[in-house]
Amino acid sequence: MSHEPLVELIRDGLVEGVHHGSAVVLAPDGSTRLAAGDVDAVMYPRSTAKPLQATAMARLGLRLSPAGFAIAAASHSGEPMHLDGALDVLGGRSPDLLGNPADFPFDPVERDRWIGEGRAPSRLAHNCSGKHAAMLATCALNGWPVEGYLDPAHPLQRAIAATVEDLTGRPIARVAVDGCGAPLFATTLRGLATAVSKLATAAPDTPEGLVAAGIRRHPELVGGSRRDVTAVMRAVPGLIAKDGFEAVQVAALPDGTAIAVKIADGGDRARYPVLAALLKLCGVDVPPGPENLRFTLSVGSLR
């Protein structure tokens, strides 16, 4: 990707560091309001693809509570509410069936508590356990084997790939393996923004609408008590937002205005300041993030 400077780190008035990246803001009609960097280059969406994956499972007939769809679309922090949510989606199935690795909770407070108590890593505590629990439930619903459910050739993953292409409006350019073991479908920032816009404006009784409702009603399950993705959704009524490793971020307002961001160096400290600045350019004020991180694009960049 051909990136541009997006965030400057300021120390006592001097620029000490620069984070490059790419970002796009789409209007409700899909036209481009802002584009920085190469928003049509192929990239890995990482966990920002989870709402799309959850939508695919809803299209396959999976019906969960709003909390269930929120945890299915989550990169959760591993707090007790998240573990309980993933167990609910498992519906009595053993957590040992989860195909994601065992891990400590993502949240540093929870992780320290687990280690202090001498607890071992668990599959349920992994931040992707909700998605994997939903995948197991979808396989059971459709009569598909649980064995090999993470194989790109499995009927579940083929159906998810088809939904990703439908929502993004773009063919999948490359298939890799995500950190949790699930197939990772490469797309573009413009494709991601297009997809999340469709979720934000979907009718309530559609698969897309069910996932969107879960995310909106339970932002604490999508992230966690100490996560910026949860805080920003609480601050903006109707906002859908999802963060991902390697500093990827998507968000969409209820009218379909959509944002997608990728920080080139994967530096997570620059991800939220870009989101906050782009929301402000769209007329939505949220906490800006650390004062020493300055967004570099001007208001005039927004069309």
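Author: With the terms for secondary structure: helices and strands are DSSP runs, numbered from the N terminus. The model is a predicted one. Its protein chain holds 11 helices and nine strands. Strand 1 covers 4-11 and strand 2 covers 14-26, and Asp 12 sits in the loop between them.

Reader: What is the phi of Asp 12, and is the residue buried or exposed?

Author: The general idea comes before the case. Most residues other than glycine have a negative phi. Asp 12 is not a glycine, yet its phi is positive, about 55°. Over 50% relative accessible area counts as exposed, and Asp 12, at 80%, is therefore exposed.

Reader: Which loop holds Arg 46, and what is its phi?

Author: Arg 46 belongs to the loop between strand 3 (32-36) and helix 1 (50-59). Its phi is positive at about 50°, although Arg 46 is not a glycine. The cut-off for buried is under 20% relative accessible area; Arg 46 has 19%, so it counts as buried.

Reader: What does Ala 41 touch, beyond residues up to four places away in sequence?

Author: Ala 41 lies in the loop between strand 3 and helix 1 and is buried, with a relative accessible area of 12%. Leaving out those sequence neighbours, it touches Met 1, Thr 187, Thr 188 and Leu 189. For separation in space, take Ala 41 and Ala 102: they are 61 residues apart in sequence, and their C-alpha atoms are 33 Å apart.

Reader: Which side chain does the side chain of His 19 meet in a polar contact?

Author: That of Arg 269, at 2.8 Å. A polar contact is a pair of N or O atoms within 3.5 Å. His 19 is in strand 2 and is buried, with a relative accessible area of 6%. Apart from neighbours within four places in sequence, its contacts include Glu 4, Leu 6, Ile 263 and Asp 265.

Reader: What should I look for at the ends of helix 4?

Author: The general idea first: an α-helix has 3.6 residues a turn, so residues three or four places apart point the same way. Helix 4 spans residues 108-116, and Asp 107 caps its N-terminal end. A side-chain oxygen of Asp 107 lies 3.0 Å from the backbone nitrogen of Val 109. Just after the helix, Gly 118 takes a positive phi of about 75°.

Reader: What radius of gyration does the protein chain have, and what would a compact globule have?

Author: A compact globule of 303 residues would have a radius of gyration near 19 Å, and the chain has 18 Å, which agrees. The C-alpha trace spans about 55 × 45 × 35 Å along its principal axes. Of the 303 residues, 55% count as buried. Among contacts with a separation of 6 or more, 61% come from residues 24 or more positions apart.

Reader: How many positive and negative side chains are there?

Author: There are 29 positive and 32 negative, and the centres of the two sets lie 2 Å apart. The chain exposes about 11,900 Å², of which carbon and sulfur atoms supply 54%.

How values were computed
Residues are numbered from 1 along each chain as its sequence is written. This is a predicted model: local features need pLDDT of at least 70, side-chain atom pairs count only at pLDDT 80 or more; totals for chains, interfaces and linings use all residues. Side-chain values use heavy atoms; hydrogens and water are left out. A polar contact is a pair of N or O atoms within 3.5 Å; within protein, one must be able to donate a hydrogen and the other to accept it, and residues adjacent in sequence count only if both atoms are side-chain atoms. Helices (H or I, at least four residues) and strands (E, at least two) are DSSP runs, numbered from the N terminus. The radius of gyration is taken over C-alpha atoms; the globule rule is 2.2 Å times the number of residues to the power 0.38. Buried means under 20% relative accessible area, exposed over 50%, partly exposed in between (1.4 Å probe, protein chains only). Contact means heavy atoms within 4.5 Å. Accessible areas come from the Shrake-Rupley method with a 1.4 Å probe; for residues, only the protein chains shown count as cover. Lys and Arg count as positive and Asp and Glu as negative; His and the chain ends are not counted. The place of a charge is taken as NZ of Lys, CZ of Arg, CG of Asp or CD of Glu.
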